[in-house]
Amino acid sequence: MHPPRPQLHSLTGIRFFAALYVFVFHFGAGFAQARNAPTLVVNFLTNGFFGVSIFFVLSGFILSYTYQAGVGSLRDYAFARLARIYPVYLLALLVTLPVAKEAFGPGGALAVLTMVQSWTSFKSEFGYTWLMQAWTLSIELAFYLSFPALIYVLAKASKLQVVALLIATAAIVVGLGIPVMAPGTPTSLFMPWTSHVPLPLLRATEFVLGILVCRLWLQRGQMSNPERSGDLVVGVLLAGIVAALALSVDVHALGLATVLFAALIYFCAGSTGYFARFMGSAPLQLLGGASYAMYLLQNPVREWIRVLVPSPSMQQWINPIVLIGLSILVFLFYEKPARQAVLRFSRRNARGIPATAR
């Protein structure tokens, strides 16, 4: 198994706010618009799907940090990734099944169970089959499959090469408006040729952005050590992200916010500033740990509440409370034990495999 590295607690806390942002996008943007809320508020909530970009960039950063020198054993890597995403993924699918609004055939079920439903053009809405949020996990699986090759190449890159690649990747994310690309997105928003590129390949630019920022962070010198950076830098970056999300719903503004977030995690990872300490606090560690379940279970919880609670106004009040509480319980009593069980199974079966075959 790959040796564990010190946790970057501040990044765990950020995950909760990413999941929360997606939640308020689904359940608050339309409400704010119907109530004629200020334009800045409506724009900010409408851009809530930006939380997905946060997850993709964080995924690249954290994986690159975990596997700094390369993946090593592909078998151990595969089991670690399976243990990380599939137990809660399967639970969310099963919970959704009784309240699913649309019927789907065996082909759709097979695609969702094997997590390939989003391996299409962004013109297709097939990625939303069974459980809408699951489309991002399909993209994440593509990232996981490509990561061993990516880190093998990038681990050998010099700091200058990493910077050059980082600038090029950031330009693509902003220029093409990558964060907006999701199943069923109108092709008129983008350059015509992009509609022929598989969605995982387009969204991989955010994942690669996270990898490159981590490589640069790992190569940092004492003079540019972000642990010594003040909260002023983090505050300016946060203000820039919020401004980009509140002032416009333009596709390029979302790309700019993604690049600013990549810079934010560079200065936040390992930092001892106020922001990093807040994100690394015990409550946010728990909420950040539960963020994966919170992200996947938001639609199933909403549909079950609609079935069980007749009052629409009561539904709105109890929805977030039930979702967060249930997500914490799932994280503590299902996700963590299931992950440990998969890893124990991997280690137990690895003992019977000759070293030369691993």
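User: What volume does the largest pocket have?
Analyst: The model is predicted, so local features need pLDDT of at least 70 and side-chain atom pairs count only at pLDDT 80 or more, while totals for chains, interfaces and linings use all residues. Numbering starts from 1 along each chain as its sequence is written, and side-chain values use heavy atoms, with hydrogens and water left out. A pocket is an open set of points on a 1 Å grid over the protein atoms alone, where a 1.4 Å probe fits and protein lies on both sides within 12 Å along at least five of seven lines. With volume taken as the space filled by probe spheres set on points joined across faces, edges and corners, the largest pocket has a volume of about 1,500 Å³.

User: Which residues lining the largest pocket are the closest to its centre?
Analyst: A lining residue has an atom within 4 Å of a pocket point. There are 46 such residues in the largest pocket, and the closest to its centre are Arg15, Ile62, Arg81, Arg84 and Arg339.

User: Which helix supplies the largest share of the lining of the largest pocket?
Analyst: Helices are DSSP runs (H or I, at least four residues) numbered from the N terminus. Those that each supply at least two residues to this lining include α4 (74-96), α6 (134-154) and α14 (312-350). The largest share, nine residues, comes from α3.

User: How many residues of the lining of the largest pocket are charged?
Analyst: Asp, Glu, Lys and Arg count as charged, while Ala, Val, Leu, Ile, Met, Phe, Trp, Tyr, Cys and Pro count as nonpolar and the others, Gly among them, as polar. The lining holds 26 nonpolar residues and twelve polar ones, and the charged residues number eight.

User: Is Ser64 buried or exposed?
Analyst: Ser64 is found in helix α3 (residues 50-66). Leaving aside residues up to four places away in sequence, Ser64 touches Phe147, Ile151, Ile211, Cys214, Arg215 and Leu218, where contact means heavy atoms within 4.5 Å. Buried means under 20% relative accessible area, exposed over 50% and partly exposed in between, with a 1.4 Å probe and protein chains only. Because its relative accessibility is 0%, Ser64 counts as buried.

User: How far apart in space are Val22 and Ser195, C-alpha to C-alpha?
Analyst: Val22 is found in helix α1 (residues 9-34) and counts as buried at 2% relative accessibility. Beyond four places in sequence, Val22 touches Gly48, Gly51, Val52, Tyr295 and Gln298. Val22 and Ser195 are 173 residues apart in sequence, and their C-alpha separation is 24 Å.

User: Which residue does Arg203 meet in a salt bridge?
Analyst: A salt bridge places a side-chain nitrogen of Lys or Arg within 4 Å of a carboxyl oxygen of Asp or Glu. Both partners here are buried, and they are separated by about one helical turn because they are three residues apart in helix α8 (residues 199-218). At 2.6 Å, N to O, Arg203 meets Glu206.
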